[in-house]
Amino acid sequence: MKVGVFTPLLSQLSLDAVCQKLSALHINTIELGTGNYPGGAHCKLSMLDSPSELSAFKATLEKYQMSISALSCHGNPIHPDKKIGPAHHDVSKKTILLAEKLSVPVVVDFSGCPGDGPNAKYPNWVTCPWPPDFLDILKWQWDDVVTPFWKEHAKFAGDHGVKVAIEMHPGFVAYNPETMLQLRSIAGENIGCNYDPSHMFWQGIDPIAAIRVLGDAIFHVHAKDTQIYSSNLPKTGVLDTKPYTDEKNRSWIFRTCGYGHGAEWWKEFVSTLRMFGYDYVLSIEHEDSLMSPEEGLTKASQFLNEIVIKEKPAAAWWV
């Protein structure tokens with residue numbers, strides 16, 4: 001297992017400068033955004049039609065011996081707005097094609113969320129079963145939108161030798177292990193998850209226990225922490241809509257690894273991932289509003305490099 005970085009936190013830098021900075025932190029693996037919500041500062045989809053641009057991009061990575069763990073295009077490809085949904089879908093498809101060209105095995109995305117019917121303008125995330133019209137919305141979403149879209153999109157990715165890792169995120173139809181596995185049962189084993197423990201913490205889900213639920217559905221992992229503020233929790237519960245920058249009043253915020261939970265927790269997290277067959281990358285995602293990207297990246301990389309299991313343990317004498 002090794003530590004990587006999701007590079008949008010360094011979007012103000014060139015790819016060359018990013019690679020130089022990360023090499024100094026003993027990191028040689030990156031996750032690159034290609035568009036939609038993360039943007040595509042360091043990985044342009046225009047490379048699909050430009051051999052010279054693709055060649056220069058590869059040369060920069062080779063110069064620093066930098067590998068790519070995943071291409072990421074987190075978006076809402078089933079957004080009910082006819083300008084947004086198809087545009088996000090187009091980015092997703094092109095990202096899969098670019099991943100194929102670059103021999104990157106995984107593309108990270110969101111499951112998306114439709115509206116409440118064919119004429120909706122905005123997504124409608126259903127969070128409770130009553131009144132009963134909420135369940136009618138949920139059934140329509142899964143039967144009429146989610147199922148046909150993800151069956152087709154999963155096949156497209158599989159035809160190009162790429163797996164899709166869905167990041168479980170509230171606001172979208174796949175937001176916890178149950179809904180993630182529901183989507184996978186529909187779309188097939190080419191769909192798995194990009195596992196971000198920070199999204200589990202604030203939903204009240206034990207991220208380590210959830211690894212046992214997800215098993216081999218984990219294709220990629222984000223390294224990000226969450227801190228729960230018990231003093232604010234009684235006011236709002238975990239469904240807190242205050243801005244992330246209103247830290248003193250929120251019930252929880254995202255934190256740099258080690259600032260929500262300590263080394264012992266992260267050691268157990270890494271060990272359990274390893275136990276269930278994940279031996280790939282912990283990709284640092286910086287969303288800690290109390291730290292600058294520079295500080296968050298430095299602290300997270302130092303913290304995780306001390307924790308990751310870098311080599312497969314030798315067989316014990318009793319095996």
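User: Is cysteine 19 buried or exposed?
Analyst: Cysteine 19 is buried, with a relative accessible area of 0%. Buried means under 20% relative accessible area, exposed over 50% and partly exposed in between, with a 1.4 Å probe and protein chains only. This is a predicted model, in which local features need pLDDT of at least 70, side-chain atom pairs count only at pLDDT 80 or more, and totals for chains, interfaces and linings use all residues. Residues are numbered from 1 along each chain as its sequence is written, and side-chain values use heavy atoms, with hydrogens and water left out.

User: How many disulfides are there?
Analyst: The search of the whole structure finds 0 disulfides (pairs of cysteine sulfur atoms within 2.5 Å). For cysteine 19, the nearest cysteine sulfur is that of cysteine 43, 11 Å away.

User: New topic: which residues have the most contacts inside the largest nonpolar core?
Analyst: They are Leu22, Leu71, Tyr195, Phe269 and Leu282, in a core of 81 residues. A nonpolar core is a set of buried Ala, Val, Leu, Ile, Met, Phe, Trp, Tyr and Cys residues joined through side-chain atoms within 4.5 Å.

User: What does tyrosine 195 touch?
Analyst: Not counting residues up to four places away in sequence, tyrosine 195 touches several residues, including Met168, Pro207, Leu214 and Phe269; contact means heavy atoms within 4.5 Å.
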